[in-house]
Amino acid sequence: MSSIRLEEIKKLLREYPLKKDRVIISKIIEGDKLSEMELTRAFQLSLPLFTLMVLNKRFERNKQLAENEWSSTKVKKLDNMGTIKNLEILPLIDYHGEGDLSTEKGVSYYIKADNTGILFDTGLNDEEKHPSPLMKNMKSLGITLEDFDYVVISHLHGDHVGGSKWVSKKTFSLSGTQANISHVKAFTPVSMNHPTAKIHHVKEPIVIANGIASIGSIRNPLFFFEEVFEQSLAINVEGKGILIIVGCGHQGIQKIIDRVEALFDTPIYGIIGGLHLPIPEFPGDDITWSGLPIFKFIVTRRPPWEPWHKSDRDYTLDYLKARNPKLVALSPHDSSMESINAFKDTFKEAYIDLKVGKSIKIS
Ligand SMILES: [Fe+2]
Ligand SMILES: [Fe+2]
């Protein structure tokens, strides 16, 4: 921006403080003539309004596409996919952690299901470090690249693919540079690439390995961003039921649970991961951005003038509670402490704190 432009803005702010905008708006409504300065200001006012109108148009179109796709998708049962006897979920990256382990507002969980190893998402690494917080935590917790056979990417957001720099390249990484993981097959919810891993683009629900399935890529609109396609995992634990592993939960609890119940006659045993409940998000040391409570306005499935509200959390709690889950662990990477406490109050002994380094074992 040139200094001349800055001077113009300073002059406008001096001569036309915000309260004067109301005068301009009422003049426009009344059809009164505007001065040259008022016209300039009216043009400036119209730009954000115009941007919101364009974004809303895209949002409404994507919302319709998502609803059409959801209502027209018929899924086949996956009940014969087998069961898992021993299951361990070890959070490698999330916002809360134990000891000296690194924490981030991102997700990466190591899943050991009998003899199958899965890395679910690859963290945030927002400082593009090498080794990344994920790699450092893996080393501290004794997990190596050889410990997993599969990578599952929940969705193409920076906090799940190892940083925003990989989002535009439609890939993922465990660190500042992409390691050789040629032994790995990666299941992604949109078309992605990787220099060494074999990629499988998941559309419909699919069995990944014995007892482990993706519930399929579910499409949803986001107001300020491209639409999001997200998949979750369903693990059939022998004698217990289906454990759901979720990344950000952009699909919403209803679609996640409805899809799982359409795929399996086995009851839901539990849910671990993010459900995007940043309520109230302020004040506190929750998941704000530069101290600002933006997350209840963005990356939701609604326009920013309908921010996420306590009633959305109550809806999520009620929908889950009706299934009487035996294990619930909410990711703090996209939910406030208030939401975590509401989950604790609701699910009592079934609730487990989700922390980096704190292994959740089911057998
Ligand atoms: Fe997320
Ligand atoms: Fe996300």
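This report looks at the iron site and the nonpolar cores of a predicted model.

## Ground rules

Local features need pLDDT of at least 70 and side-chain atom pairs pLDDT 80 or more, while totals for chains, interfaces and linings use all residues. Residues count from 1 along each chain as written, chains are lettered from A and ligands numbered from 1 in written order, and side-chain values use heavy atoms, with hydrogens and water left out.

## The iron site

Asp159 (OD), His160 (NE2), Cys248 (SG) and His333 (NE2) coordinate the iron ion (ligand 1) at 2.0 to 2.2 Å. Donors here are N, O and S atoms within 2.8 Å of the metal (3.2 Å for Na, K and Ca), and since water is not among the atoms, sites may look incomplete. Along the chain, the donors are spaced D-H-x87-C-x84-H.

The 4 donor atoms subtend angles of 95 to 142 degrees, so the arrangement is irregular; a tetrahedral call would need all angles between 85 and 135 degrees. The iron ion (ligand 2) sits 3.7 Å from the iron ion (ligand 1), and Cys248 coordinates both. Cys248 and His333 are both buried (under 20% relative accessible area, 1.4 Å probe, protein chains only).

## The nonpolar cores

A nonpolar core is a set of buried Ala, Val, Leu, Ile, Met, Phe, Trp, Tyr and Cys residues joined through side-chain atoms within 4.5 Å. The largest one has 32 residues, and Phe264, Leu320 and Phe347 are among those touching the most other members. Helix 7 gives the largest share, 5 residues (helices are DSSP runs of H or I, at least four residues).

Leaving aside residues up to four places away in sequence, Phe347 touches Leu317, Leu320, Lys321, Pro325 and Val328, contact being heavy atoms within 4.5 Å.

Definitions and conventions. Buried < 20%, exposed > 50% of the residue type's maximum accessible area, 1.4 Å probe, protein only. Helix = DSSP H or I, 4+ residues; strand = E, 2+ residues; numbered from the N terminus. Tetrahedral: all angles 85-135°; square planar, octahedral: opposite > 155°, others 65-115°.
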